[in-house]
Amino acid sequence: MIVKDTHLDFLQKKIAQIGVAIFKSETNSLLQLSNTIVRTIKTDSDGNIWFFTSCNREYAKNIDKDFYAYLDFFQKGSECRLQVSGKASIIADDNDADSTPVINMHNNSRDVVLVKMKIQHAEYFENKPTHFESLTSRMKHFFAELFVQDQHRIFDFS
C-alpha cells in the first residue's frame, strides 16, 4: 500500500504557487555559489526541489558537489512565506535519469548549473491581513484562536 505524504503535498503546492526563491548555499570550499534568486523547475515525489542557479559550468567543477542550502520562498502580495533547507547537489552529468529532461532545457547555456535539493526541514508562515475590528469581535477571535491550530508549521524530513 502506497501512502501519500500530506506534508510533502502541501509543500509541493506552496512551492509551485510561489515559484521563486532566494537561494543561499553553505559550502566549506574556497569557491562559493553566490546567493541568487531562482525559479523552481519541479518538486518530485522524493522531496527534491530542482532549479537552475547562475554559475559558470567551468567554475562549478571546482565547487563541492554536495553542500547544505536554503531556499526562502516569498512572493510580494501573497500571505505566506516558506523557508526550506536541506542537502543540495550540483548535477553535472547527463547520466541521472531524473535530470536528463531538465538538463536538456538549458543544455546550451554555460551560465547556469542544475541543482537538486532534498528537503530536510521546512517552515511555513502565513500572514493574516490586519483590519479594524471591534473590541468584542477581537475578544471572540482571541478565545477562538486559543483552541485552533497555529498557522506556523514546521516540517522535519530528516
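1. Basis. The model is predicted: local features require pLDDT of at least 70, side-chain atom pairs count only at pLDDT 80 or more, and totals for chains, interfaces and linings use all residues. Residues are numbered from 1 along each chain as its sequence is written, and side-chain values use heavy atoms, with hydrogens and water left out.

2. Overall fold. The protein has four helices and seven strands (DSSP runs numbered from the N terminus; helices are H or I of at least four residues, strands are E of at least two). Along the sequence their order is α-β-β-β-α-β-β-α-β-α-β. Among contacts (heavy atoms within 4.5 Å) with a separation of 6 or more, 69% join residues 24 or more positions apart.

3. Burial and surface. Of the 158 residues, 35% are buried (under 20% relative accessible area; exposed is over 50% and partly exposed lies in between, with a 1.4 Å probe and protein chains only). The accessible surface is about 10300 Å², and carbon and sulfur atoms hold 53% of this area (Shrake-Rupley method, 1.4 Å probe; for residues, only the protein chains shown count as cover).

4. Strand pairing. Strand E6 (residues 112–126) pairs in the antiparallel sense with E3 (residues 48–54) over seven bridges and with E5 (residues 80–91) over 12 bridges; pairing requires at least two DSSP bridges between the strands. On E6, Val113 stands opposite Thr53, while Met117 is the bridge partner of Ala88.

5. Val84 and Ile119. Val84 lies in E5 and Ile119 in E6. Val84 is buried at 2% relative accessible area, and Ile119 is buried at 2% as well. Their C-alpha atoms are 6.6 Å apart, although the residues are 35 positions apart in sequence. Leaving aside residues up to four places away in sequence, Val84 touches partners including Ile49, Phe73 and Met117. With the same exclusion, the contacts of Ile119 include Leu8, Leu11, Ile49 and Phe157.

6. Nonpolar patch. Leu135, Met139, Phe142, Phe143 and Leu146 make a nonpolar surface patch of about 540 Å². Patch residues have over 30% relative accessible area and no salt bridge; like charges are joined within 9 Å, and nonpolar side chains (Val, Leu, Ile, Met, Phe, Trp, Tyr) within 5 Å. A salt bridge places a side-chain nitrogen of Lys or Arg within 4 Å of a carboxyl oxygen of Asp or Glu. Phe142 belongs to helix H4 (residues 135–145) and counts as partly exposed because its relative accessibility is 48%.
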